[in-house]
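The following exercises are to be worked through with the sequence and the model at hand. Each task is followed by a solution in steps.

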Amino acid sequence: MEGCNCGSGCKKVDGHAVTPVLPGMVSVVGTGPGGLDHLTPAAGKAITAADVVVGYSTYLALIPELLVGKEVISSTMMQEVERCAKVLSLAGAGKRVARV
């Protein structure tokens, strides 16, 4: 394997440029006591930057303005393990995920 000079960070394998798959990102975000007025600027930025927002449906209902145009995956209580598994799967596929 040798380096490529295209500037994208790709490598050459058998003479062909192969761009590395970049891992996604997970942001764990709290909504405070609820609503946009209580959201920190950092939390708002993380949700805004996300491709996918995953969370407990009651918490997501507090921030509908931030979910417009996003893929939203919501679930009910007692499904924390399933939500976390979904978050890791999405991030592994290269998505930017906000876990609310």
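**Exercise 1. Determine in which helix leucine 88 lies and whether leucine 88 is buried or exposed.**

Step 1. Leucine 88 belongs to helix H4, residues 80-92; helices (H or I, at least four residues) and strands (E, at least two) are DSSP runs numbered from the N terminus. This is a predicted model, in which local features need pLDDT of at least 70 and side-chain atom pairs count only at pLDDT 80 or more, while totals for chains, interfaces and linings use all residues. Residues are numbered from 1 along each chain as its sequence is written, and side-chain values use heavy atoms, with hydrogens and water left out.

Step 2. Leucine 88 has a relative accessible area of 59% and is therefore exposed. The classes are buried (under 20% relative accessible area), exposed (over 50%) and partly exposed (in between), with a 1.4 Å probe and protein chains only.

**Exercise 2. State which residues make the nonpolar surface patch that includes Leu88, and describe the surroundings of valine 26.**

Step 1. Val26, Val28 and Leu88 make a nonpolar surface patch of about 310 Å². Patch residues have over 30% relative accessible area and no salt bridge; nonpolar side chains (Val, Leu, Ile, Met, Phe, Trp, Tyr) are joined within 5 Å, and like charges within 9 Å.

Step 2. Valine 26 is in strand S4, residues 25-28, and is partly exposed because its relative accessible area is 37%.

Step 3. Leaving aside residues up to four places away in sequence, valine 26 touches Val87, Ala91 and Val97, where contact means heavy atoms within 4.5 Å.

**Exercise 3. Find which residues of helix H1 are buried and what they pack against.**

Step 1. In helix H1 (residues 41-49), the buried residues are Ala43, Gly44, Ala46 and Ile47. They lie on the same side of H1, because they cover an arc of only 160 degrees around the axis; the arc is that of the directions from the helix axis to the C-beta atoms.

Step 2. The exposed residues Pro41, Ala42, Lys45 and Thr48 are carried on the face turned away from the buried side of H1.

Step 3. S4, strand S5 (52-56), helix H3 (64-67) and strand S7 (96-99) are the elements against which the buried residues of H1 pack.

**Exercise 4. State how many salt bridges the structure holds, and locate their partners.**

Step 1. There are 2 salt bridges, each a side-chain nitrogen of Lys or Arg within 4 Å of a carboxyl oxygen of Asp or Glu. Side chains of opposite charge can pair when their charged atoms come close.

Step 2. Aspartate 51 and arginine 96 meet at 2.7 Å, N to O. Aspartate 51 is partly exposed at 29% relative accessibility, as is arginine 96 at 42%.

Step 3. Arginine 83 forms a salt bridge with glutamate 80, their closest N and O atoms being 3.6 Å apart. Both lie in helix H4, 3 residues apart, about one turn of the helix. Arginine 83 is buried at 6% relative accessibility, whereas glutamate 80 is partly exposed at 39%.

Conventions. Accessible areas come from the Shrake-Rupley method with a 1.4 Å probe; for residues, only the protein chains shown count as cover.
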